[in-house]
Amino acid sequence: MAGSKSKNKGKGFEREVCNFLADLYDDSFTRVPDSGAFTGGKNAYRRNTLTEGQIRAHKGDIIPPDEWKYFNAECKNYAEFPFHQMFTRSPVPLLEAWLEQTLEAADEGDCNILFMKFNRKGRYCAFQLPNTFGTLRHLDYTDKQGNNWRFTGFEDFFELNRDTFKSRCNESFRH
């Protein structure tokens with residue numbers, strides 16, 4: 001039976017990001033089968049029976065190459081996003097849910113990143129600070145838990161941080 005239209009749209013973006021990273025780094029990236037926080041959130045109990053490598057391979061939405069031990073990514077593909085709400089004092093509910101989901105799967109020292117795509121608006125990413133990736137233009141956002149994130153354009157991010165991002169995902173970074 002085919003999945004829902006929105007689930008298929010999300011899976012398609014996960015594959016798009018995997019293909020982009022595979023081409024950029026000439027390495028293997030694949031989407032987590034049946035992704036959706038396999039080891040995070042309500043599925044955290046699975047960590048009790050999995051090896052460290054199995055846990056790393058099922059964090060977030062993308063399985064990175066083995067040496068990318070600190071890579072934790074979520075992918076979201078939506079028709080619309082209320083960008084204007086990021087400039088209010090109130091948390092943005094949809095965004096808060098995405099950031100929370102990203103952190104649910106995270107381990108200490110991870111490079112946490114959220115990839116987003118919006119119809120007719122483009123691709124973006126948000127990375128958790130205090131990572132010091134370069135950006136051309138960005139918007140900083142503090143989530144309701146007090147974590148700081150930087151939002152920027154997807155293509156600009158990788159153009160400026162290709163090697164730095166790979167290095168960071170291979171080394172633990174203590175916040």
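D26 is exposed, with a relative accessible area of 72%, where exposed means over 50% relative accessible area, buried under 20% and partly exposed in between, computed with a 1.4 Å probe on protein chains only. The model is predicted, so local features need pLDDT of at least 70 and side-chain atom pairs count only at pLDDT 80 or more, while totals for chains, interfaces and linings use all residues. Residues are numbered from 1 along each chain as its sequence is written, and side-chain values use heavy atoms, with hydrogens and water left out.

D26 sits in the loop between α1 (5–25) and β1 (30–31); helices (H or I, at least four residues) and strands (E, at least two) are DSSP runs numbered from the N terminus. Most residues other than glycine have a negative phi, and most peptide bonds are trans. Phi of D26, however, is positive, near 50°, and R120, also not a glycine, has a positive phi of about 60°. R120 belongs to the loop between β4 (111–118) and β5 and is exposed, at a relative accessible area of 78%.

Turning to the cysteines, the structure holds 0 disulfides, a disulfide being a pair of cysteine sulfur atoms within 2.5 Å. For C75, the nearest cysteine sulfur is that of C18, 6.7 Å away, and C75 is buried at 5% relative accessibility. For C169, the nearest cysteine sulfur is that of C111, 4.0 Å away, and C169 is buried at 0% relative accessibility.
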